[in-house]
Amino acid sequence: VVQLDMARAKQGIAIWSAFVTPQGVARIADLLRARVRSGVKVRCVVRPPEQNGTIGEDAWAEGIQALQGVGVTIDIRTSMHEKVVLIDDDTAWLGSLNLLSHAGHTREVMLRVDGTQPALGVAAFLAAELASTPFEWNGQKIALSMTHGVHVFQKGENVDGAMENADRAMYTAKGGARPRS
C-alpha cells in the first residue's frame, strides 16, 4: 500500500530505511525511476555499509548504486533506525518496514498518517533526532539541524510561484532557526 502512495507522488518522496539490499531496492526501483522521470525528488536516508546488519557491504553498495542509477539522492546517517516514508509533505508512513531491504517473508506494520499537520509532526520528530545525533566527519563531530515546512497551494497559484514562495519562507525560517553564539 505504501507503494500506491509513492506512485501518486507529485513533488517528493523521502524514505528512511536503516538497511539496504539489492533485492529490496529491486522491488521498488521501477516505481522510483518513474517518479524521478516525472520530476519527483526522491531521497533515501540509510545507514553506512558497516552498519547494514548481517547484510554484506558489497550488497549494500549494489543496492545504493541501483538507487543512484534511477536518480535517487542518498543520505547516510550513522545509528539511524527510523522506518518512515514521507510523500508530498502530506502523507507519512511509520512503522516496522525497512522499505529498501524488505524481502517479503515477514509481516510488517505501517501506519498511514494523512494531512499537513501530522506530516509536519513527523518532520519535527526527524529534525529533533537529527539535532540530537552528532554527525561525524573526518573524526570530528558536527552538529546538524534541519528546517522543514509545508506549502499549501493557493487557488490559481502555479508551481513556479509556489516553489518561490516556499523557498523564500524556508530560507527565512532557516535564518531564524540557526543557533547563535
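**Starting at phenylalanine 135**

A: Phenylalanine 135 is partly exposed, with a relative accessible area of 28%. Buried means under 20% relative accessible area, exposed means over 50%, and partly exposed is in between, using a 1.4 Å probe and protein chains only.

Q: Before we go on, what kind of model is this?

A: It's a predicted model, where local features need pLDDT of at least 70 and side-chain atom pairs count only at pLDDT 80 or more, while totals for chains, interfaces and linings use all residues. Residues are numbered from 1 along each chain as its sequence is written, and side-chain values use heavy atoms, with hydrogens and water left out.

Q: OK, back to phenylalanine 135. Which strand is it in?

A: Phenylalanine 135 lies in strand E7, residues 135-137. Helices (H or I, at least four residues) and strands (E, at least two) are DSSP runs, numbered from the N terminus.

Q: And what does phenylalanine 135 touch, leaving aside neighbours within four places in sequence?

A: Ile76, Gln140, Lys141, Ile142 and Leu144 are in contact with phenylalanine 135 once those neighbours are set aside. Contact means heavy atoms within 4.5 Å. Threonine 78 is 57 residues away from phenylalanine 135 along the chain, with 7.6 Å between the C-alpha atoms.

Q: Zooming out, how many helices and strands are in the chain?

A: Five helices and eight strands. Along the sequence they run α-β-α-β-α-β-β-β-β-α-β-β-α. Of the 181 residues, 36% are buried.

Q: Among contacts between residues at least 6 apart in sequence, what share joins residues at least 24 apart?

A: That share is 71%.

Q: New topic: how do H2 and H3 pack?

A: Helix H2 (residues 22-37) and helix H3 (residues 57-69) pack at an angle of about 0°, and their axes are 9 Å apart. The axes are lines fitted to C-alpha atoms, for helices over the stretch in contact, and angles run from 0 to 180 degrees between N-to-C directions. H2 and H3 are therefore roughly parallel to each other; angles under 35 degrees count as roughly parallel, over 145 as roughly antiparallel, 65 to 115 as roughly perpendicular and the rest as oblique.

Q: Which residues meet there?

A: From H2 there are Pro22, Val25 and Leu32, and they meet Ala59, Glu62, Gly63, Ala66 and Leu67 of H3. By class, the contact of H2 with H3 has six nonpolar, one polar and one charged residues. Here Ala, Val, Leu, Ile, Met, Phe, Trp, Tyr, Cys and Pro count as nonpolar, Asp, Glu, Lys and Arg as charged, and the others, Gly among them, as polar.

Q: Where is the kink in H2 centred?

A: The kink, about 50°, is centred on isoleucine 28. The bend at a residue is the angle between axes fitted to the seven residues ending there and the seven starting there.

Q: Which residues of H2 are buried, then?

A: Pro22, Gly24, Val25, Ile28, Ala29, Leu31, Leu32 and Arg35. Their cover includes helix H1 (2-7), strand E1 (12-17), strand E2 (41-46) and H3. Just after H2, glycine 39 has a positive phi of about 100°.

Q: Now the serines. Is serine 17 buried or exposed?

A: Serine 17, in strand E1, is buried, with a relative accessible area of 0%. Not counting residues up to four places away in sequence, serine 17 touches Val45, Val46, Arg47, Met80, Glu82, Asn98, Leu99, Leu100 and Ser101. Its C-alpha is 4.7 Å from that of asparagine 98, which sits 81 residues apart along the chain.

Q: And serine 79, buried or exposed?

A: Serine 79 counts as exposed, at 55% relative accessibility. Serine 79 lies in the loop between strand E3 (73-76) and strand E4 (83-87). Beyond its neighbours within four places in sequence, serine 79 is in contact with Arg47 and Gln51.
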